[in-house]
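Please look through the structure below with me, and let us ask on what grounds its features carry the names they do.

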Amino acid sequence: MTTPRTVTVINGDGIGPEVMAATLRVLQALEVPLQFESRDAGAECIAKFGTNLPDATVESVLRNGVALKGPTGTVVGGGMASANVGLRKRLDLYSALRPVKSVPGIKTRYEGVDLVVVRENTESLYAGLEHIIVPGVVESLKIITEKASTRIARFAFEHARKHGRKKVTAVHKANIMKLSDGLFLDCARKVGRDFPEIQYEEVIVDNMCMQLVKDPSRYDVLVMENLYGDILSDLCAGLVGGLGLVPGANIGERTAMFEAVHGTAPDIAGKGLANPTALMMSAVMMLDFLELGDAARRFEGALAKVHAEGKARTGDLGGTATTRDFTDAVIAAL
């Protein structure tokens, strides 16, 4: 890449601006050929724009094709629809990609975890199609289509093939939702026939939760509908230490958005205590997406070294390092 590529930067809410500033410092230290265009989204921009997702932000991502995003807040049980969901819908970011891997130096109940969660992003119960039938009775519609199910299954198998993965597991509840989840499985089976070198299996979602907690090493790439993916991706993050240690990406046919998937942590916002690891790891994914593999490996290696040494740990990992301390250590490790 010779001419600089422009990336839309969305700081988000709470600790978002702090972890974003830390991540951009490392990207600048790497001297990657990128320039950054700042845009707004999230609860804290409503007062300024009257919405949590300004049109200018969506237009910027569409124009640039790639975005790096901090966490955004959403009111629970009322208020505007989630800015995250809005971005996924308007940009047709149909695949949520969440690699979950054990971090050197971070001790958990499990060792050697190496999973990939692929979540369909555009439909199922997350379509948000709800209405009141009569007072006291609400109906939520679960929409499953052949197009979306086939598309996400193909994404999962292609990811597995590209990265040398051996198995794809479709997670479902077709024993109860025979039509909707049954259609999802039919689509996954058809796609799987095009990838004979990759093992394919199906596991019911509640059993999947138990099996992951018992032995996550049994699984490789997991593909599932939207709501199951939301729940299981967080469960898998817990296997390696939590949401602060895993990256995330939302990928469509025209655009891709890389983001920290943890919350906005308002209790520590502005105090310089946030752990920027998740957003930094998401930036590594972004560099790979932009075919800047050498920079991605340097960034990834520096993060691994800092975590393995354990000298610059933030409070969430039992240390006393500030966001700046951690970032300085990563830059030094480059």
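**Strand pairing and helix packing**

Q: In this predicted model, what makes strand 4 and strand 11 a pair?
A: Strand 4 (residues 95-101) and strand 11 (residues 247-251) are joined by 3 bridges in the antiparallel sense, and because a pair needs at least two bridges, they count as paired. At one point of this pairing, Ala96 has Asn250 in strand 11 as its bridge partner.

Q: Why are strand 2 and strand 9 said to stand at the edges of the sheet?
A: The open sheet has 10 strands in the order 2-1-3-12-11-4-5-10-8-9, with mixed pairing. Strand 2 (34-39) and strand 9 (199-204) each have a single partner strand, so one side of each lacks a neighbour in the sheet. On average, and with direction ignored, neighbouring strands are turned by 25 degrees against each other.

Q: Why is helix 1 called roughly parallel to helix 11?
A: The axes of helix 1 (residues 16-29) and helix 11 (residues 323-333) come within 10 Å and cross at roughly 15 degrees; because angles under 35 degrees count as roughly parallel, helix 1 is roughly parallel to helix 11. The crossing is right-handed.

Q: Which residues of helix 1 and helix 11 meet?
A: Glu18, Ala22, Arg25, Val26 and Ala29 in helix 1 meet Thr323, Arg324, Thr327, Asp328, Val330 and Ile331 in helix 11, and the residues of this contact divide into 5 nonpolar, 2 polar and 4 charged.

Definitions and conventions. Residues are numbered from 1 along each chain as its sequence is written. This is a predicted model: local features need pLDDT of at least 70, side-chain atom pairs count only at pLDDT 80 or more; totals for chains, interfaces and linings use all residues. Side-chain values use heavy atoms; hydrogens and water are left out. Axes are lines fitted to C-alpha atoms, for helices over the stretch in contact, and angles run from 0 to 180 degrees between N-to-C directions. Helices (H or I, at least four residues) and strands (E, at least two) are DSSP runs, numbered from the N terminus. Angles under 35 degrees count as roughly parallel, over 145 as roughly antiparallel, 65 to 115 as roughly perpendicular and the rest as oblique. A crossing is left-handed if the near helix is turned anticlockwise from the far one by less than a right angle, and right-handed if clockwise. Contact means heavy atoms within 4.5 Å. Ala, Val, Leu, Ile, Met, Phe, Trp, Tyr, Cys and Pro count as nonpolar, Asp, Glu, Lys and Arg as charged, and the others, Gly among them, as polar.
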